[in-house]
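Morning, everyone. Please have the viewer open while I talk. I'll go through aromatic pairs, then a sheet, then a record entry.

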Amino acid sequence: MRLTVDGKTHDVDVEEDMPLLWVLRDEIGIKGVKYGCGIAACGACTVHINGEAVRSCQTSISDVDGPVTTIQGLGTPDILHVVQEAWIEKQVAQCGYCQSGQIMQAVAFLMETPDPTDAEIDEAMSGNLCRCGTYPRIREAVKLAVLKMPEA
Amino acid sequence: MSKIGTIARRTFLIGSAAVVGGVAFGYYAYKTPADNPLLDDLKEGQAALTPYVRIDASGITLITPRADKGQGAYSVQAALIAEELDVELDQIKADPGPPSKAYYNTALAEESVPFAPTDQGFAAETSRGVVDAIMKFLGMQVTGGSTTVPDGFEKLRYAGAVARETLKAAASEQTGINAASLKTAKGMVILPDGQALSYESLAPLAAKIAPVNDVTLRDPSQWRLIGKPMQRIDVVPKSTGMQRYGIDFEIDGMVHAAIKLNPQAGGAVHGFDATEAMKMRGVHKVMAVTGGIGVLADNTWRAFQAAEAVTCEWGAAPFPAEQAEHWSALENSFTDAHFDNRQRDDGDTDAALIGADVVSAEYRVPYLAHAPLEPVNATVRVTDDRVDVWTGTQIPRFVQATVADMTGVDVKNVHVHVLMMGGSFGHRLEDDNVRLAVEMAMQVKGTPVKLTYSREEDMTHDYRRQIAMARGQGVVKEGQVETFDLGIAMPSIISSQMGRQGISVPGPDATIVQGAWEQPFAIPNYRVTGYRTPELAPISSWRSVGASSNGFFHESFLDELIHAAGADPLAERIRLCSDDVSRKVLETVGEMSNWSSDLGPNRGRGVAFTTSFGAPVAEVIEVTNTEDGIRIDKVYVAAEVGTVVDPVNFDNLVKGGVVFALGHAMNCEITFSDGAVEQTNYDSYEGMRMSQCPEIIVRALENGTKVRGIGEPPVPPAAPALANAIFAATGQRIREMPFDKHIDFT
Ligand code: FES
Ligand code: FES
C-alpha cells in the first residue's frame, strides 16, 4: 500500500484493517502521533487526511484516501505553524501527551472556521480529552492563533 | 578523586567530583561510624556524590532527580539550580539521572506523621525528623505528595551556588584575579575587563580544586528566575510532536508486547489457548505471565489483536465480586473493631451530642482510575549480567531493586532509564508494567521487549483511588457550629500500596483521615476518627491521596452544619479558622469572588477549604441551574504555597487540578461486577470536556514560612465547593460522587 505522509511517500505492507495510527507509529516511525484510547474517545491520535481532522486509531489504512499530515509535518521547532506558536506562547502543555491531537484538531477547525465564537471553539475541541486539564490554556491558545492566522 | 570542602552548618553538603572532561557538583552523603544503610558500598569516611550539575565539553547538564509526569518538575528543578548557578534555562540540558540511593525524599515523610502541617512546634519537628530517617533508610527516590519543590528548594539552590563559586575560584586560579572581583552570568565567569570564560572551559580546573562550600544563598530580592514567569524547557517539543515518552521508546532489535490479564484482578489463570493467536501475522510468542498471558509480536497493534485472540480460563478475584459488597464492607466499618486513629479530639464531643438536636449525614466516594492519557508501558532488555529498563516511573529505586530481585542480576547492573511521562496522577507509583515486561524479556534474553498496555488493560489493572464513606454528626448553637464529629472509613492506602513493594507499615494509617483531621478550625467539640475497612480491591495513591475523598467529606459536612446554624458559609469558616495564614486564604477567595454580591436567579455559589500537603487552598464555585442541568460558570482559587517558583506553571497546575477534580466529581466512578472493573475506557469514564470547563481564576499567596508543592492541593476543595454551590442554587444536597447520579450537568 502506498501512503503519503507529511509530503513523503511510503510503501507499507500491512493488513487492510490496521489502523492508520499504528502504521504511522510502528511502521513509519512517526511517534508524534499518540495512542490514548483506540476507540475515538480521546483525540490523542488526531491527524489530517486531505486537510480534515480524523482519529487515526479508528481509520483503517485501506480507508485512507489522500495525503496524511501529522503534527510532525505541520511545523517543526524551527519553522512553527502559527497554532504551534500560540501553543508555545500560552504554555499550554503539562504532560503534553494530548497536545499533538489538540493542535491538529485546532488547525483543521480554524481552517474551516477562521473567526470562531467561544462556543464554537468549545464544541470543536470537546472531542479531545486532556487528563491534565489544560482546557483554559487551550482556549486562550486557539484565540491567540485566530489573531495570528494570516488572512485567508 | 572526590573532595569535600568544609562542612557548612546545614544538614546536607554540596561537593564536587571530577568527571570525564569536566566536573560534577552535587549532594554528598558520608559514611559515618554509625552504620548508614544509604551508603552500603562505601568504606568508612568515604562519601558518595549525588550529582545535580555536570559541566563538561558537551555543555551544562542539570540533573533533576524528581520525575516529570507533566507537572513541570524538570523545569522547576532546573530553575532552582540555574538561579544560583547563573545560567539561562535555554543553555542547559535536563536529565533525570540514574536511580541513586542518595536521592531520598525528605519532604514526603511530613504527611505521614501525626502533626498538623501548621504545627511547627518542637515535638512536631522532631517527629518529622524521625520519619526522615525512615525515608533515608528506604532510599526513596519517590516523586509524589507534591514534594518536588519543598524537597529541592534548598538543596538545588545550594548545588548551584557551590558550583558557581567553585568555577569562580577556578577562574581566579587561572587568571590570578581575586575571586571577589569576578562576576558570573549566562554560564560564564566575567573578568573585571569584561572578558568571559565559559563554565565548560573552566570545568576541568574546577574539578581539581576544593569546592567552595561556604556559600550564602541569595536573598529573594535578588532572584532572576524564581517567581518570574518562565518558559518551560519542554514546551517546544511538547507543541511540535517532538517530545518522546516511554511509549515512544525504540531500540534496535526490539519486539512489541501486549498482555491480557485476568479481568478479575489477582485471580488465578487456569489455562489458555493460543492456537488462533499464533496463526496471526507478526506474532512471535505467547506465554504465561503473572495474572494472565503475554504476546510478543512485530508491531503494537498486532500484539494487541493477538492478545485479544487468546482464550483464557480465569479464576475469581480475591475480593468481593459485586460493587454492593464493597459498599457494605464500608458500611460495616464504623465500629470499635475497625478503629484506626483519632488524631483530632477537641472538647467533649460525646457529651455535646447527648440529648442535642443532632444534624447527621452520610457521604460516599467511589473507586477511581488514574487513567493518565499515556497508557503504562515499559521496555526491558535482560542479559545474564545486565538489565536495562526504559520507562516513565515515579519510583526508580524500587523498580531497580525489584528487577534485580527478579533477574538475579546485581542491582548495580540494573539500569533504570527514566523517560518522560504522559501524566500519572499516581499511576506510575506502581511497577507492574515493569515486572511483566521483565518476565517476558527473561524468556527472550538479549532481545529488548517493549510492553504497551492497551487502554483497557491500563484501566482494568490500575490500582484505584480508595473507595470511602463518612458519617457526620454535629450540633449548632446560637448561629454557630459547636460540635463536629466525622468518622471516615476506607481501606488503608498505605498498606495496599507499600504491601506491593514488600514493605509492611505497622500502626495507624494517617492517610485515612488526611485532609480532614488537620484542618485549622477551632470548633469547640471537634472530632475526626478513622476506621480501617479490611482490604477490598487493591488501591493506591491518587492525586491528593486521602484528601481526595476527605476534603469532600469534611467540607460538605461543615457546610451542612453552617447551613443548619443559619450562618454564612464563608463568614463562619473565617470565624472558626484558627490559623492566620489559612484565614488569609479564605478572606482572599471571598474578595476575589465578590462573595456577598447577588448572583441572580437560578444561580448559586459554594465555598470549600482544605489544607493538604501543607498547602491551604480555598475555592469558590459559581453555578447556574439551567434547563439542561448544572453549568459550572466560574471557579476562584486562592492557594498558599510559601513561595511560587514559576507563576505560569503554578497557574497551569492549579487550573489542571481543579479540572481534574471537578471532572471526576461530576461523572467518574469505577465499579465492579463479576469481580471485574466495568469502566475500561474513556467512553464510560469521561472526566471533564472542554465545553464543560469553567473559567478559573487563580491567586497565589506567599505568606507561609515553608515552600509547598501545588500538584495536589487544588484537588480536595473542588468537589465540595461544587456540591455546596449546587445546594445554594437548587436546595439539593449531593452527598455522593459522581454527582451525575443525582443531577444533570450541561
Ligand atoms: S487514540 Fe484515537 S481517539 Fe483516542
Ligand atoms: S497535557 Fe497531559 S493530557 Fe493534556
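A:Tyr97 and B:Tyr245 are both buried. Keep in mind that this is a predicted model.

How do the rings of A:Tyr97 and B:Tyr245 sit against each other? Their centres are 5.2 Å apart and their planes are at 85°, so this is an edge-to-face pair. For a pair to count as edge-to-face, the planes must be over 60 degrees apart.

Now, where do they lie? A:Tyr97 is in the loop between helix 3 (82-89) and helix 4 (99-112) of chain A. B:Tyr245 is in the loop between helix 5 (235-239) and strand 10 (255-261) of chain B, so the pair joins two chains. Over all chains, the structure holds 19 aromatic pairs.

Here is another of them. B:Tyr363 and B:Phe552 are edge-to-face, with 6.1 Å from centre to centre and 80° between the planes. B:Tyr363 belongs to strand 16 (residues 359-365) of chain B, and B:Phe552 to helix 14 (residues 547-565) of chain B.

Buried or exposed? B:Tyr363 is buried, at 1% relative accessible area. B:Phe552 is buried too, with 0% relative accessibility. Both belong to a cluster linked by ring pairs, which also takes in B:Phe484, B:Tyr526, B:Phe553, B:Phe557 and B:Phe739.

Charges over rings next. B:Arg157 lies over the face of B:Phe153, 4.1 Å from the ring centre. B:Arg465 does this over B:Trp542, at 5.3 Å from the ring centre.

On to the sheet. In chain B, three strands make an open, antiparallel sheet in the order 7-8-9. Which strands stand at the edges? Strand 7 (183-185) and strand 9 (196-198) of chain B do. Each has a single partner strand, so one side of each has no neighbour in the sheet. From one strand to the next, the twist averages 30°.

Look at strand 8 (residues 188-190) of chain B. Three bridges join it to strand 9 of chain B, and the two run antiparallel. B:Met188 stands opposite B:Ser198 of strand 9. Helix 4 (residues 199-206) of chain B lies across strands 7, 8 and 9 of that chain, at about 65° to strand 9.

Last, the record. An unreviewed UniProt entry places "domain: Aldehyde oxidase/xanthine dehydrogenase a/b hammerhead" at residues 240-318 of chain B. Over residues 240-318, chain B is 19% helix and 37% strand, and the end C-alpha atoms are 45 Å apart.

Definitions and conventions. Residues numbered from 1 in each chain as written. Chains lettered and ligands numbered in written order. Predicted model: local features only at pLDDT ≥ 70, side-chain atom pairs only at ≥ 80, totals over all residues. Heavy atoms only, no water. UniProt positions renumbered as here; feature names shortened; annotations may be inferred. Helix = DSSP H or I, 4+ residues; strand = E, 2+ residues; numbered from the N terminus. Phe/Tyr/Trp six-rings, centres within 6.5 Å; stacked < 30°, edge-to-face > 60°. Buried < 20%, exposed > 50% of the residue type's maximum accessible area, 1.4 Å probe, protein only. Lys NZ or Arg CZ within 6 Å of the ring centre and 35° of its normal. Pairing = 2+ DSSP bridges. Axes fitted to C-alpha atoms, helices over the stretch in contact; angles between N-to-C directions. Contact = heavy atoms within 4.5 Å.
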